[in-house]
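Please look through the model shown here, which is taken in the paragraphs below from its confidence to its interface and then to single residues.

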Amino acid sequence: MADNKAKNDSDAEMETSMPLPQVTESQKELASQAMSEFDKKQYGSCCSLMHKLIAQRPTDPKVAHNKAVAEFFQSGFLTTDEFRQQLSKVCQMAHVNIDNSESLEDVDHSVIYFNQAVILYHLRQYKAALNILDKLFQYIEPLEEALAKKATMLLVELYLCTYQPEKAMGMVHYAEKTVFTAGKNAGEKENKEDQVDEAWKPKISLYKTRCLLMMKSMKSCKREIKSLMSTQAMNTAVIYLKSNFEHLRGNHKKAMKMLGSVSTSDFTEAGECMPVMYNNNLGCIHFHLSKHHLGAFHFRKAFQENENAIKDIKRGAEHNKNLSGKTLNSIGMSRHFELLYNMGIQLLHCGKAMPAFDCLVEAVQVFRSNPRLWLRLAECCIMANRQNNDEDRKLEKRLEVIQGSDGSGIHRKLRLGPGLKKDNPSPGTPAIPAATHEFAALCLKNALHLLPEDPLTAEKVPIEDSDTVKITPEMVLVPAPPGNPLKAAEVASLRYLGHLYMAEAQVAMDKIADAIQLLNPELVVDISLTLPENKTEQDKSERDPEASESKGYFYPWSPKDLTRAKAIAQYDLATAHAIRGEYDKAGQNLGESSSRIGTPLPAQMYFLKLYLDLIEGRRNMAQVVIKDHFGHVTPNRVEMKMNSKPGVPRPDTAVS
Amino acid sequence: MALSVKELASLLSVLSEDTTQTQSFESLATSFHHYFTKQDHFKVGSSIVLLLQNRDLLPHPTQKLAAIFLLYEMYRTDPIAANPFATVFVHILNPPTENQEAGQFDLHWAIPAISPAERYFLSQLISSPTKEMFKKTPTQIIQLDVSSMQNFDVSGLQLALAERQSEMPAQSKSAMPCVVPDRDTKPSSFDHFGKPGVINPDVQRQTIESLLTGNKAPVENCMMPEFIRLAPPLHIAEDELCWMNPVDMDYSVAWDTTMCVSSSAGVEIRRLMSKAFKGALTLQQQQQLLDELEKDNKLVYHIGLTPAKLPDLVENNPLVAIEVLLRLMQSNQITEYFSVLVNMEMSLHSMEVVNRLTTAVELPSEFIHLYISNCISTCETIRDRYLQNRLVRLVCVFLQSLIRNKIIDVKDIFIEVQAFCIEFSRIREAAGLFRLLKSLDSADPQNTPTAATR
């Protein structure tokens, strides 16, 4: 051994540089005792054995590692910080650089990798955890079997957490074939292996169900859930999955019933707060039933439950700083940001743009790489500036057409409004979140930028100080819509809007002829906004016929029908003609549009009508409109005789 | 943009009926400049235009003429075409009332027509002003008999302005003033009974003030045709909300079961491996290593061989490399090792390893092709002539062996290898390889792509 040592010392750069002293029989005995105490969950005695062992083998990283593990268990998982420190010391001893190595160099280090990933998982740093486990997975074959099982399961979980259900499913299949196969090592172990396999079956089935739900393959999912329900119908996780399944199929009542069948008064084994989940899921269901205010109520309740749960834990943790003091499971328990997200979307659908904006702006600080969230933020900004498209028809908007009068007698003047549009650039830079169109544009740019990319690589959240790790769940809350982000029905209405926007832009660029072509109301053929009943999912045929609680736009949008949509296009056409000075055509289109656009008319129509009359000097026609619709601003009746007498001097020429 | 009350008072004092009747243009200009600086000019000009559009607000002809003059005077030092109010002059000289018909025209946005004398004055002003003009009073100008005088030609200026206007988008030219006269046909106070259409100076002053001063004064606004800009519908959120399912798993920290169970073989073999990366092992050492690997199937994963270290092992101990790679065939990382192997610098040893591997296991053909391409391009780019000859020989022998052993299908690499042979035809082995290719080619003409071109 001395010979070896000398040789190894000369190889300074070798990673196995420090040779460990030979393991003596008594040390071996100590180690196996410690392990059996650990297996028996006798962490106290395990710890004392490990203390003896470390005294004898102070340079053995494995001993140091297991000592840290034993102490962590002994503390009831309250000393996460200390454990992390111990773990990094072990890494130093074993010359392992987990973050920067390209792959695991030695299977001996696999436990260190795994434990590091476990901690990161609980800190909800899923991306980092995945990175480490991916490295470990390259060496899955030689791994000791219990560890291999744990590692594959955690890998599946992480893929699910990062919304990569296909990868997760692939891993489940792999695990089924290899890690959990009975009798992989032939011989007398076979029987025992079979038992283990059986024990893991329900877990694997749960994972599969989650993957299938996330992939929306409802048929396979139904089968999986059926078998789950037949064996463990009382399991909360199973019931929630079933409820999720029914919810996705549109059987919202059933989903609600399932949720209600579970007692909701406690924490799960994994440290999750059931009342939070219960209320959150009820919120989701009500959202889909378009009962937005009820939905918001449940989200708010979930929020409160979450706050309470955190408060309880914090109170327990007050004496310790940082992460320690909370159990490992409860560190990542808070669902604050997910709830904010749900709440934000819900409020948006309640038409409450500003509160929604506040929720989402907070959520986006955590879910920075989620394109949909950016899209929703932009929607908040738009809604804050335009509540809905019917607001043009409101009285208060119409009152802006003529803002009042000045002077009296011969000097009486009417004061026309400048229009409804408030295109004033907002003060400040768009980079500061505010519900402005400029910020909306920024959000949409972000969304667009994130869309084609793999949501996982989109942004790296810097991990600040490794000692005082903040909990930064780097997860993507919802998947970037793959392939077809828009529903077919959505496309129809967006094409229509695209034409309108394009036309307006072309007018601004003085390409009015092009705009006029685009605005041809006959081109508007479809703005259907409700999803057809046998709708868009890949597995249409699999939808239950009874699952017909209709899905569609969860928020009303106008124009509601084709006639009105056409009329709006025609109004815009009239505007384009007016701008080009083609007042006759403008007047004709305006007239036709006004008869179809529905009452009350949008305020813009009064503007255009007055504009056309006044620009061509039809003062009396204008007076008819003013007297009929804005009678409060003028005392003057329409002098009909003026129309019939050509050549009459204008009323105000008498002045000069 | 609006005037302050004080500014308005100053402007109205310059434009008062008395002043405009008695003072010369010159002194009007002087008192105007006394009150206003260059920065004020645009907003004052805008106010003047609004006053001009409303005949009741500048009722007297001298006031009107003085107002028009001020529009000129403010920008006198600039070329006339650069005067922002130049279009107003054109508008006044070509009043839109000409295409009037049926008398129902009442253009509230137009500036009322001016007399021939005023016309004469304005066109002289904007084409060839003289000093004497400014010495006259507005009253004198209005009384001027211009019927016999020659008009000044302003068509050039008009053309230039029209051209500039045509460059502007139609939208920017579509605006209309917000202020529309709506004179009360009924008397508004007892004073006015029986005196319809008579100007009340107080009311006039009030009206002007409310139009030109204050926050959001009408003078700041205009009205133009406006699109209905629809907000888009909210994106359909079908599965967007975050549903929460309990995780029925306890992901907990693991115990290292391999503690203190490592064998001495592991330590020794790792020591040997680290030597093997640096230099050739003795035959005895090699044998020891291979024996230990033979004993324990999983040991190969514990010897510290990462793909990055493979090239060192290949160069120093090709035999060990081959054995280790064969044992790693079950590893899911084996493709990593392969890709390192085929991309490493070409050498006798790497070739030997690849060659041995091809005979022992079925390598993915894309790896072999990649390796061959690598070899060929290494031969082609190497500078050292002697080394090149050596490498070419090696590659040729290697390829012959691959072909003879039917490891590769000649068809797949025919063109590439043929070009290689031709390039190095000076080397005997290359010629030999070429002959081998030819013989295969003629033996199986249908299957060789180049057969037809020959």
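Where in chain B is confidence lowest, and where is it highest? The model is a predicted one, in which local features need pLDDT of at least 70 and side-chain atom pairs count only at pLDDT 80 or more, while totals for chains, interfaces and linings use all residues; side-chain values use heavy atoms, with hydrogens and water left out. Residues are numbered from 1 along each chain as its sequence is written, and chains are lettered from A and ligands numbered from 1 in the order in which they are written. With pLDDT being the predictor's confidence in each residue, from 0 to 100, the lowest mean in chain B, 75, belongs to helix H12 (residues 264-276) of chain B, and the highest, 94, to helix H3 (residues 25-35) of chain B. Helices here are DSSP runs of H or I with at least four residues, and strands are runs of E with at least two, numbered from the N terminus.

Chain B as a whole averages a pLDDT of 84, and 91% of its residues score at least 70. Over residues 447-454 of chain B, however, pLDDT stays under 50, and for this stretch the model has 10 contacts beyond four places in sequence, a contact meaning heavy atoms within 4.5 Å. The scores for the model are ipTM 0.78 and pTM 0.72.

Chain A has 28 helices and 2 strands. Of its 656 residues, 53% count as buried, where buried means under 20% relative accessible area, exposed means over 50%, and partly exposed lies in between (1.4 Å probe, protein chains only). Among the contacts in chain A with a separation of 6 or more, 63% come from residues 24 or more positions apart.

The next topic is the interface. The size of an interface is often given as the accessible area lost when the parts come together. Between chain B and chain A the buried area is about 13000 Å², and carbon and sulfur atoms give 58% of this; the term stands for the accessible area (1.4 Å probe) that two parts lose on being put together, summed over both. In chain B, the residues that lose the most area to chain A are Phe227(B), Trp243(B) and Trp255(B), together 7% of what that side buries. The contact takes 185 residues from chain A and 100 residues from chain B.

The side of chain B that touches chain A divides into 49 nonpolar, 29 polar and 22 charged residues, with Ala, Val, Leu, Ile, Met, Phe, Trp, Tyr, Cys and Pro counted as nonpolar, Asp, Glu, Lys and Arg as charged, and the others, Gly among them, as polar.

The structure holds 34 salt bridges over all chains, and 6 are found across the interface of chain B and chain A; the rule asks for a side-chain nitrogen of Lys or Arg within 4 Å of a carboxyl oxygen of Asp or Glu. One of the salt bridges is formed by Lys413(A) and Asp56(B), whose closest N and O atoms are 2.7 Å apart. Because Lys413(A) lies in strand E2 (residues 413-416) of chain A and Asp56(B) in the loop between helix H4 (41-53) and helix H5 (61-74) of chain B, the pair joins two chains. Both Lys413(A) and Asp56(B) are buried.

Within chain B, Glu429(B) forms a salt bridge with Arg393(B), with the closest N and O atoms 3.5 Å apart. This pair links distant parts of the chain, since Glu429(B) is in helix H21 (residues 428-443) of chain B and Arg393(B) is in helix H19 (residues 385-404) of chain B, 36 residues apart. Arg393(B) is partly exposed, with a relative accessible area of 36%.

The side chain of Asn245(B) makes a polar contact of 2.9 Å with the side chain of Trp243(B), and Asn245(B) counts as buried because its relative accessible area is 17%. Beyond its neighbours within four places in sequence, Asn245(B) is in contact with Tyr240(A), Leu241(A), Asn244(A), Glu272(A) and Met277(A). In chain A, Asn251(A) sits in the loop between helix H12 (236-249) and helix H13 (252-260); Asn251(A) is buried, at 5% relative accessibility, and a polar contact of 2.7 Å joins its side chain to that of Glu246(A).

Terms used
A polar contact is a pair of N or O atoms within 3.5 Å; within protein, one must be able to donate a hydrogen and the other to accept it, and residues adjacent in sequence count only if both atoms are side-chain atoms.
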